[in-house]
Every structure is written in structure tokens, then in C-alpha cells.
Amino acid sequence: MTTKPLISILMPVYNPPLPFLKAAINSVLKQSYPHWELCIADDCSDQSTTRPYLESLAASDPRIKVVFREKNGHISACSNSALELASGPYIGLLDQDDELDRDALFWVAQALSRSSNVDLIYSDEDKIDEFGNRFDPYFKCEFNYELFLAQNMISHFGVYRTALVRQVGGFRLGLEGSQDHDLALRVLEQSTPENIIHIPRVLYHWRALEGSTAFNISTKSYASEAGLRAIREHLSRQGLTANVEIPDPMTGHYRVRFALQSPLPLVSIIIPTKDRLDLLKVCLESILQKTTYPNIELVILDNGSSETATLKYLEDIQKRPNCLVIRDDGPFNFSAINNKAVKASTGAVLLFLNNDTEVLTPEWVEAMLSFAQLPTVGCVGARLWYPNESIQHAGVFLGMGEIAGHGHKNLPRGHNGYFNRAVEHQAVSAVTGACLMVRRDLFEKVGGFDVDLAVAFNDVDLCLKARQLGLRNIYVPEAELYHHESVSRGNDVAPEKAERFARETALMKKRWGDILKNDPYYSPNLSLDHDDFSIAATPRLVSLSQQ
């Protein structure tokens, strides 16, 4: 390594179970990287064994510093006391009963040696029971701001630039239980995502004991309430007005709904169709009857309908206010007909919608627009369900199925997905064009849908163009619709369509190359052969020799 930074491990202590405290400290003593110091602050433990053990530790190794607080102040105050002991340029956070992987500090130091601008590092983590058995690994993605607003994805093993932590005031009193989440939010405000590094390796083992948040988040509801306050105050400091809530106390995750701009923008809902009146009627009636957003127009692109009942229905629907039907008798080309419909529409916001969808949540437009209106956001997608109440779309991930695939596909309703990712808003590489919202100016800036991608991947291509501009595409699970996937169009891989599919696949590979193999929002430790976030048989990690 070109540099060997001293890493200060902060450990707040209060009446710890001595065997687990010893295991935690031993995990530091056994680190393969030797340039560390352990900064322990005891928060007035009244167990008779704690102080003698800590005093003996400090006497046995000069790298171990211990301070005994005179007054119990809870974990934030105690962590600040440990912070005062730190002399290294970076601090790492370790709870009194957790354990570090033997090479945790090595991987951190190795990341720091490659860049001098790192402000925050986090790693993957798992849990460890009282018998030392490891389980439930969380293989995380690269930094994902919208996911971070929903959950503390940084958590363990969190390593911070010491000067920056001191600059933002350390750990805040009153945020106990979510003091780490609050700290990371305040550090982020003074940093940039480019200076946040994710190490895709399990470096931290979180002790899961009865009554701990690792065992069950609902056992410490005060932690969720503290996190709620941390996120609200973070958004307020950013000048953003938003409603933040905990939609499910069992998961404890957070949901942010940004205040809509005033006046409300016109949203053009664009629906291509051809006959299949049974589908179209359900789609349109669900929009007209359930949608609470007041400022919409319907633009229906009739791509060659010939059935009398369909033509009569389209004639009638056009008589309604804010409903427009336009005709295109050319061959089916999803990109071309949607681009044509956009030119006929007038909304500042576009919402592309398949004719085989059905609105479930009345505030679906508001939920999507909450994110789509933000200048940092590109395309926004919804959670789509099959009629059998299993997920059809919860974000698109690159590399699945050669080009891209839908994560959590077929997950039954009531299941939250991989570490709640099916129910939490988050950035994703792409969302499906079956229900996709985007600002008109952005759609036009990237040239609309690519007509050379007539059926497949045009939505992924659009989203990647938005991502190329530095924007984030967002999955919003509280916007929910049924989707009878492709029933109005048929099977993409039918023999007569195989040539077209192969051509569009080749175009995507040529255009996007290695980007399709490295989705920042999907861990290299997870499988690309399945869409259930299962562990990869062979992780796609970069070897040490290649770094």
C-alpha cells in the first residue's frame, strides 16, 4: 500500500455481556492490518467485571485507549467520548458485542490507499448468534441515496473521515438508536456520493440476540422514531419539503413523499393500444375512476384497431375532457408510436402506460411525481403486480437475462423482498416502460425512445441515457398497478420474432457494453441467473491483483 493510515475503532460500552465484549475486542486484536487503535468509552457500567477487564486491556496494549465516563449519557454521548480519544484520520464504528472480520481493516486501508478523497466507507455485513454461527448476509449495492432515505444501508462496517465527523459535530444527543444513520446523513451533506466507497465484502458480524435490533427491529421502536427525525431534519437542511413516515413498524423502514410543485404540472398519460377492448377499458376506467391527481390528460395511440367495438369505444372516450385519441396504422414499434404520442401531448410530465395495466392505488401519480419532479431524477417506475398477486416489476437490474431483468419477480404479496428492497423506494438502473414517468424536457433531451429498439429494451435504453446524464432512476413501490404482461402483444421470443429480438439485444450490447455487466444497484455477490437476489455461485468481485 502507498499509505498505511491509522484507523481508530470507536467502541461505546455499557454493561456488556463479558463473553461478547471479549469476542468483539479479540476481533480487533486479530486484525491482519496492524495500524489501528481501539478507543473505548465506558458509559458508567455498574457491572463489577467491566472496569477491571477494560483497565487490563489498556495496560496490555498501547493501541487500546479507554475512558471511563463519570455520568451515564447513553450511546451518542458515549460515542463522542470515544471520538475524543481518536488520533487516526479515519474512525470505524464497532458495537460492544459485534465482531469484525479478520481482514476488515485491511480492505478499508486498501480502499483508502487508492484514493485521498474518501469521506465514508461501508461494507456488506451479516449476523452472528450467541454461539458464533453466522447467517443472513446483506450484500449491498453501491451508494443509493433514495434507498438510504428508506433504510440505513451504510450501517456496518461504517468508516468515516475523522475530521469530517468532528466538523459536523459528532454524534447528536437525542438521536439514540439511529445515531449512526443521523451521522451518515450529516456527513453526506458535506460530501458527495463519489467520495462514498462500498466494499462488497462481509467485513462486519452483527450480534443477533433476543431484544436486539439485529434480532427484530420492532423491539426498539425508539430507534425507528429517531431515524424518522434524522431523515426529516436532513431533508429540511437540504431545503426540501417532504412527508416522512414509517409505513410498516415491523420493518421500521421509512417512506419519503416530496411535496409537489405548485401549480401542479399537467401529466400526459400515454397509452398505446390495438383492439383488446377488454384490456383497454379496464385500464382507462381504473385511471378515470381511481386517480386522485387532478391534472392529467389521456393520450391514446390507436395502432391499427379494426374491431367495431374498440373503434366505437375510442370514439366515445375522446368526447371526455382531456382525452385525445390519435391513429397510427403502421407496424407495431413501441418506440415510434410513443414518440408520436408525445408530440401530440401537452403535459410537462409524461407517463407511459401499457394498455394491459390497472390502477390499484389512487395516489399512484402523486407518488411517482414526488420523485420525477426532482432535477436529480430521471425516469420513475411503479410496482406492478400480476393478477395472481405476485410481483411483475420492482425495478430493472442490469445483467439479469443477458441484458436486464426484473428483480423480485413472482414474489408474493406480503413478502418484503431482499432486505425490504421490494417495498422501499430506491434508485435502480432502469424501470419498465409499462409504467414509466419522466419529465418532457428530459425525454426530449435524450431523443425519446430509440426506434431501432422496436419492442425490447427501449425502456432500459432510455433509463441508461438518463443515468448517463448523472440522473437517478427511481422505483416507487407505493404506486401500484396490475399488469397482464404482454397479453395484448404476444410472446417476444416467438419464432417469428427471434430475429428482431436478437438484433435489439446486439444493439444494446454494442451501445452499453460493460455497463450491462456492472449494475451499481445490484451486488456482485448476488446471482444474475435468478431474479430473487440469491447468492451468486461465483461472485463477480474484482480480485486484489486487479485493483
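At 17% relative accessibility, Asn-354 counts as buried, a class that covers residues under 20% relative accessible area, with exposed meaning over 50% and partly exposed what lies in between (1.4 Å probe, protein chains only). The model examined here is predicted, so that local features need pLDDT of at least 70 and side-chain atom pairs count only at pLDDT 80 or more, while totals for chains, interfaces and linings use all residues. Residues are numbered from 1 along each chain as its sequence is written, and side-chain values use heavy atoms, with hydrogens and water left out.

Asn-354 lies in the loop between strand S15 (349-353) and strand S16 (357-359); helices (H or I, at least four residues) and strands (E, at least two) are DSSP runs numbered from the N terminus. When its neighbours within four places in sequence are set aside, Asn-354 is in contact, meaning heavy atoms within 4.5 Å, with Ile-271, Cys-283, Phe-334, Gly-433, Ala-434 and His-483. Asn-354 and His-483 are separated by 129 residues in sequence, and their C-alpha atoms are 8.2 Å apart in space.

Burial also marks helix H12 (residues 364-372), in which nine of the nine residues are buried, so that the helix is largely enclosed by the rest of the structure. Among these buried residues are Trp-364, Glu-366, Met-368 and Phe-371.

Two packed helices are described by the angle between their axes and the distance between the axes. For helix H7 (residues 179-189) and helix H8 (residues 221-237), the axes come within 9 Å and cross at roughly 10 degrees, where axes are lines fitted to C-alpha atoms over the stretch in contact and angles run from 0 to 180 degrees between N-to-C directions. H7 is therefore roughly parallel to H8, given that angles under 35 degrees count as roughly parallel, over 145 as roughly antiparallel, 65 to 115 as roughly perpendicular and the rest as oblique. The contact is formed by His-181, Asp-182, Leu-185, Arg-186 and Glu-189 of H7 together with Ala-230, Ile-231, His-234 and Arg-237 of H8.

A search of the whole structure finds zero disulfides, a disulfide being a pair of cysteine sulfur atoms within 2.5 Å. The sulfur of Cys-44 has its closest cysteine sulfur in Cys-78, at 8.8 Å, which is too far for a bond. Cys-44 is partly exposed, with a relative accessible area of 23%, whereas Cys-78, at 1% relative accessibility, counts as buried.
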